[in-house]
Amino acid sequence: MSGNYRVLITGANRGLGLEFARQYAQNGWQVLACCRAPQLADPLQALAKAHSNIQVLALDVADFAQIDALAQQLKNTEIDLLINNAGVYPDSSSTHINTDDWLDAFTVNSISPYKITTALTPHVAKSRLKKIASLTSKMGSIDDNTSGGSYIYRSSKAAANMVMKSLSIDLQPLGISVVTLHPGWVQTDMGGSNALIDTKTSVTGMRRVIDHLSLATTGRFIAYDGQPIPW
Ligand code: NDP
């Protein structure tokens, strides 16, 4: 979908977030590209130089006061699409896990999508498209877990799935539709170089899923290729 819409993306300085910023900017959208360290975000700053419709904003998604301040700063701004993209994958393959890492991952992967979504709900509710997309992972699917391990990532993304499902129900009366996305196994710092697809393929697919998102399809867990994922 092209046109004069506005998207806010978290973790837009690299990986999938950066590719979302690139593709939506190329489609003529206004892009609010959030990252925690704009002064270090060279690829995003270069992209913003090439596209005047990209605005770079500072946001550490683990800093809930900063989320509230950003919502206040943007209080007169309509956000057609909010993309909760920022995420972490701490090492937790063994049963000996650093529990501080676990709490940090819950903050970033599970609580912050809730916090950002609720802080920006008024901005989305007054927009034309009224859409929210959150990147979780098939690794957060209990049904799909046949290999075990990854305790921190799996549990924090499973929690995020439940958060987005509840939000899809609670935001429906405001006309807001919500989709939980699995981007595929993607070549990024997180996905690694052996991953199956590149960011362009993943984001092109996720944008198609978001285009088809409506109140009739709200509350689903969908992969980048349109396939439903079991919870
Ligand atoms: P990357 O590791 O490449 O990028 C992660 C992004 O999240 C970075 O921009 C990073 O910013 C940002 N981030 C992390 N913590 C914070 C924070 N506290 N505040 C603000 N930003 C933060 O990951 P991907 O691009 O691959 O992943 C994007 C999303 O897709 C994640 O939610 C991930 O879980 C999900 N996903 C990815 C898969 C893959 O195969 N790549 C598979 C399934 C899901 P910074 O540079 O400052 O660290």
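A pocket is an open set of grid points with protein on both sides within 12 Å along at least five of seven lines. In this predicted model, the largest pocket has a volume of about 940 Å³. Of the 40 residues that line the largest pocket, Asn-85, Ala-86, Gly-87, Val-88 and Met-190 are the closest to its centre. Helix 1, helix 4 and helix 5 are the elements that each give two or more residues to this lining. The largest share comes from helix 4, which supplies four residues. By residue class, the lining of the largest pocket comprises 20 nonpolar, twelve polar and eight charged residues.

The largest pocket is the space taken by the ligand. Around the ligand there are 28 residues, of which Asn-13, Arg-14, Arg-36, Tyr-153 and Thr-188 come nearest. At least two residues of this shell are supplied by each of helix 1 (15-26) and helix 5 (151-171). The shell divides into 13 nonpolar, ten polar and five charged residues.

A polar side-chain atom of Tyr-153 lies 2.6 Å from a ligand oxygen atom. For Arg-14, an N or O atom in the side chain is 2.7 Å from an oxygen atom of the ligand. Gly-87 contributes through its backbone, with an N or O atom 3.3 Å from an oxygen atom of the ligand. The ligand taken alone exposes 890 Å², and the protein buries 93% of that area. Tyr-153 and Arg-14 are also among the residues that come nearest to the ligand, while Gly-87 is among those closest to the centre of the largest pocket.

A search of the whole structure finds one cavity of 30 Å³ or more, and the volume of the largest cavity is about 40 Å³. Its lining consists of Asn-84, Asn-85, Ala-86, Val-108, Asn-109, Pro-113, Ser-134, Leu-135, Thr-136 and Lys-157. Helix 4 provides the largest share, three residues. The lining of the largest cavity divides into four nonpolar, five polar and one charged residue. Asn-85 and Ala-86 line the largest cavity and are also among the residues closest to the centre of the largest pocket. Helix 4 likewise gives the largest share of the lining in both places, with three residues at the cavity and four at the pocket.

Notes:
Residues numbered from 1 in each chain as written. Predicted model: local features only at pLDDT ≥ 70, side-chain atom pairs only at ≥ 80, totals over all residues. Heavy atoms only, no water. 1 Å grid on protein atoms, 1.4 Å probe; cavity = no way out; pocket = protein on both sides within 12 Å on 5 of 7 lines; lining within 4 Å. Points joined across faces, edges and corners; volume = space filled by probe spheres on them. Nonpolar A, V, L, I, M, F, W, Y, C, P; charged D, E, K, R; others polar. Near = heavy atom within 4 Å. Polar contact = N/O pair within 3.5 Å; in protein donor to acceptor, adjacent residues only side chain to side chain. Areas by Shrake-Rupley, 256 points an atom, 1.4 Å probe, with all protein chains shown as cover. Sits in = over half its atoms within 2 Å of the grid points.
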